[in-house]
Amino acid sequence: MANPNKIAPGNVDGDFFVDTSCISCGNCRDLAPSNFAKSGKYYVIKKQPENALELDEVLSALICCPLGSIGTKATGAGAKQSISQALMRFPEHIEDDVFYLGFNSADSFGGKSYFIKHQDGNWMVDSPKFSSRLVKYIESQGGLAYIFLTHRDDVAEAQAYARHFKASRIIHKADLEAQKEAEIVFDGIETFNPHAQFTIIPTPGHTMGHSMLLYRQKFLFSGDVFTSRTYSNEDIEAWPPYYCWCDWDEQTRSIERLLSYPFEFMLPSHGRRFKGTLPETKRALEQCLKRCREEKNPDPLSFERADFFDEIALWAKQTGQLEYAKYAADKASSIRLKLN
Ligand code: SF4
Ligand SMILES: [Fe+2]
């Protein structure tokens, strides 16, 4: 529950607010772009909802906030009913048999996860919180056969889901450390097809084991490489080099290989989804690739980059990812050592 005594600076007055437990994952802005914005260390309410659509979007953000940092001062039966109705919207239907699960986990820095209802066994892509509501929903849909993990950062509670549903976790060997007991491990950069409608495409760069899942040549679950500025068919963009942990040039080569795979939906872990026709997504990907080629690997020796790794280390520590916290803290100190 968000704490009205710890409202983050920068919220506009009104019913809704963000408190200082916010980790700045940005998921609220993805879900309610008219109402949330970054202000200093935190995301805040930049505008209170003014119509039914905005109210729905803000309530969705409240449900999906990984830390429960979004609150409302409204009390009474009406407010409770609105929150209950918002809860019922998750999992959110995207199209065909694909759903956004909601209930983002702080362990994946608020990453999104998805559900595919399939006659040969249901799939989860990356992991949300282990929520009783989601468990009941998945049970009602016939359980879970596979959990595809795009990369090491977004495994969250995959182990708990795998045990509960006896599902097989699938992850690339290079990121296996994050899910050591995964049942299905693949390697290299060749595609891997566990089923005729599911193609796993290794896309190293963000991490060396980063991979995407292409479902029915229509839905591309793209992990932490892409976002989109809009839900319309304007563009696909790569997250800037600061968010590419391993190798920007390798990631750019991965994006180039993606050009041979058709898709209509780009469904990211962080950021906004993209939908277009096949020619539109291809054009958007080509433009994204062009911009990536013009970018350079970030300067590994800057105080700004050291500060960035400090933030990552703090988040990893707060969420109990101690190995990851150590990796980020070591990275920050080695940068500072070289600079001094
Ligand atoms: S979703 Fe929650 S934790 Fe993430 S930026 Fe918004 S308020 Fe902060
Ligand atoms: Fe990541």
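Which spacing do the donors of the iron ion (ligand 2) follow along the chain? They follow H-x1-D-x52-H-x17-D.

This is a predicted model, in which local features need pLDDT of at least 70, side-chain atom pairs count only at pLDDT 80 or more, and totals for chains, interfaces and linings use all residues. Residues are numbered from 1 along each chain as its sequence is written, chains are lettered from A and ligands numbered from 1 in the order in which they are written, and side-chain values use heavy atoms, with hydrogens and water left out.

**Stop 1: the iron ion**

Select ligand 2. The iron ion (ligand 2) is coordinated by His151 (NE2), Asp153 (OD), His206 (NE2) and Asp224 (OD), at 2.0 to 2.3 Å. Donors here are N, O and S atoms within 2.8 Å of the metal (3.2 Å for Na, K and Ca); water is not among the atoms, so sites may look incomplete. The angles among the four donor atoms of the iron ion (ligand 2) run from 87 to 151°, and the site is irregular. Four donors count as tetrahedral if all angles lie between 85 and 135 degrees; four count as square planar and six as octahedral if opposite donors are over 155 degrees apart and all others between 65 and 115; anything else is irregular.

Next, select aspartate 153 and histidine 206. The pair links distant parts of the chain, 53 residues apart: aspartate 153 is in the loop between β9 (146-148) and α5 (158-165), and histidine 206 in the loop between β13 (198-202) and β14 (211-215). Helices (H or I, at least four residues) and strands (E, at least two) are DSSP runs, numbered from the N terminus. Aspartate 153 and histidine 206 are both buried; buried means under 20% relative accessible area, exposed over 50%, partly exposed in between (1.4 Å probe, protein chains only).

**Stop 2: the seven-stranded sheet**

Show the strands in the order β5-β6-β7-β8-β9-β10-β11: these seven form an open sheet with mixed pairing. Two strands pair if DSSP finds at least two bridges between them. At the edges stand β5 (92-95) and β11 (184-186), each with a single partner strand, so one side of each has no neighbour in the sheet. β10 (residues 168-172) pairs with β11 in the parallel sense over three bridges. Select histidine 172 there; its bridge partner in β11 is phenylalanine 186.

**Stop 3: loops around this sheet**

Go to proline 91, in the loop between α3 (77-88) and β5. The peptide bond from phenylalanine 90 to proline 91 is cis, with omega near 0°. Phenylalanine 109 lies in the loop between β6 (98-100) and β7 and has a positive phi near 55°. Aspartate 126, in the loop between β8 and α4 (132-140), also has a positive phi, of about 60°. Most residues other than glycine have a negative phi, and most peptide bonds are trans. Phenylalanine 109 is partly exposed at 23% relative accessibility, whereas aspartate 126 is buried at 2%.

**Stop 4**

Select histidine 118, in the loop between β7 (114-116) and β8 (123-125). Histidine 118 is buried, with a relative accessible area of 8%. Its side chain makes a polar contact (N or O atoms within 3.5 Å; within protein, one must be able to donate a hydrogen and the other to accept it, and residues adjacent in sequence count only if both atoms are side-chain atoms) with the side chain of glutamine 197, at 2.6 Å. Leaving aside neighbours within four places in sequence, histidine 118 is in contact (heavy atoms within 4.5 Å) with His195, Gln197, Phe198 and Tyr215.

Phenylalanine 198 stands opposite tyrosine 215 in β14. β13 and β14 run antiparallel and are joined by five bridges. They belong to an open sheet of six strands in the order β12-β13-β14-β15-β18-β19, with mixed pairing.
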